[in-house]
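Biologist: Thanks for making time for me today. Could you put the model up and talk me through it?

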Amino acid sequence: MAMISTRGYAAHSGKDDLKPFSFERRDPGPDDVQIDILYCGVCHSDIHTARNEWGGSTKYPCVPGHEIVGRVVKVGRNVKGFKDGDLAAVGCMVDSCGQCESCKADMEQFCEPGATFTYNSEDKMSGGHTYGGYSKTIVVDQDFVLQVPKNLDTAATAPLLCAGITTYSPLRQWKVGKGKKVGVVGLGGLGHMALKFANAFGAEVSLFTTSPGKAEDARRLGAHEVVLSKDEDEMTKRHKKFDFIIDTVSAKHDLGAYLNLLKRDGVLTMVGVPPEPVAVNVFSLLFPRRQLAGSLIGGIKETQEMLDFCGERGIICDIEKIAMNQINEAYERMLKSDVKYRFVIDMATL
């Protein structure tokens, strides 16, 4: 297989900083699109994977990045819908089997043999493992390349490919809209997008936070009220008031406090991943027939739907641009919640 040389930033162990790394990608085949990367968002998953914090599964060298926007520079002869010069995006996946029930239902993220994720997955095309968007260029099958609305800020579009679809998908799945009372737990990269989408869908939106200083920003982003989750009286006042709650928090916290806020048949959906298993009082589920659920990104069709919706409504992420050589500092700042609300790497700095 012909290969092309490129550059990026990689972690070489769970304890090392990311540093410059040269590697190869496959030359575009008949169904491939090559994209020179303009911007790549920085996700908490990047940190967990680079530092091997998810069960020892990281393959090194690890080039993170799955919130990619760039410019098409080469297409294979079978490619339709993209041409040289087009803006294009790549999210969390670059391949799937295409044959299982999940793939046929346009939910490739649940591919039963296993989706090929943008980084740290077995690379079934080139061998080895996949390398992500902290790099100059990427080659992806056309079925996993997305159209970017031309009216959106290019850099602020990048985090929609993970933070955006991760929150959009469960809100759509559970039919959040006008007449629904919705809670968002946590205001970070995921939480700020959940506020924007829930508000855009017409719901009455509340933010639950432990930080009083986030109230003004929460209202700017779409919250109709802000509730301090440490205030037991305020939480008690809202028992059985909510139709749907999306929990974006990855730190340890009490799920029971939020289950108690749900009406009969209400749903609490997890999109954040706490570091340890959580305990749940089953009685808080039984009596009002509440549901505790989870959601993982979205399929390619739904991700394109999300991007189109954002184009129609002018929805983008709140970002802070950084240079590639600032990535290690950015990781430390993210762990301190010192970003509003997503770092995006300007790949011209690589």
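Modeller: Happy to! Please keep in mind that this is a predicted model. Let's start with the aromatic rings, of which the structure holds 13 pairs.

Biologist: How is the pair of Phe197 and Phe309 classed, given its centres and planes?

Modeller: A pair of aromatic rings is described by the distance of the centres and the angle of the planes. For Phe197 and Phe309 the centres are 6.4 Å apart. Their planes stand at 50 degrees, so the pair counts as tilted.

Biologist: And how many residues apart are Phe197 and Phe309 in the chain?

Modeller: Phe197 belongs to helix α5 (residues 189-200), while Phe309 sits in helix α10. The pair therefore links distant parts of the chain, with a separation of 112 residues.

Biologist: Let's stay with α10. How are α4 and α10 oriented to each other?

Modeller: Helix α4 covers residues 163-173 and helix α10 covers residues 300-313, and their axes are 10 Å apart. The two pack at an angle of about 100 degrees. Angles of 65 to 115 degrees fall in one class, which makes α4 and α10 roughly perpendicular.

Biologist: Now the second largest pocket: which residues are closest to its centre?

Modeller: That pocket holds about 300 Å³ of space, and its lining has eight nonpolar, seven polar and eight charged residues. Strands β2 (19-26), β6 (93-95) and β8 (137-141) each give two or more residues to the lining. Of the 23 lining residues, the closest to the centre are Arg26, Asp123, Ser126, Thr130 and Val139.

Biologist: Last one, on the backbone. Where is Pro61, and what is the omega of the bond from Tyr60 to Pro61?

Modeller: Most residues other than glycine have a negative phi, and most peptide bonds are trans. Pro61 lies in the loop between α1 (44-50) and β4 (68-75). The bond from Tyr60 to Pro61 is cis, with omega near -5 degrees.

Biologist: And what is the phi of Lys175?

Modeller: Lys175 is found in the loop between α4 and β10 (181-185). Its phi is positive, although Lys175 is a residue other than glycine, and the value is near 55 degrees.

Key: Residues are numbered from 1 along each chain as its sequence is written. This is a predicted model: local features need pLDDT of at least 70, side-chain atom pairs count only at pLDDT 80 or more; totals for chains, interfaces and linings use all residues. Side-chain values use heavy atoms; hydrogens and water are left out. Axes are lines fitted to C-alpha atoms, for helices over the stretch in contact, and angles run from 0 to 180 degrees between N-to-C directions. Helices (H or I, at least four residues) and strands (E, at least two) are DSSP runs, numbered from the N terminus. Angles under 35 degrees count as roughly parallel, over 145 as roughly antiparallel, 65 to 115 as roughly perpendicular and the rest as oblique. On a 1 Å grid over the protein atoms alone, a cavity is a set of points where a 1.4 Å probe fits but cannot get out, and a pocket is an open set with protein on both sides within 12 Å along at least five of seven lines; lining residues have an atom within 4 Å of a point. Grid points are joined across faces, edges and corners, and a volume is the space filled by probe spheres set on the points. Ala, Val, Leu, Ile, Met, Phe, Trp, Tyr, Cys and Pro count as nonpolar, Asp, Glu, Lys and Arg as charged, and the others, Gly among them, as polar. Rings of Phe, Tyr and Trp (its six-membered ring) pair if their centres lie within 6.5 Å; planes under 30 degrees apart count as stacked, over 60 as edge-to-face and the rest as tilted.
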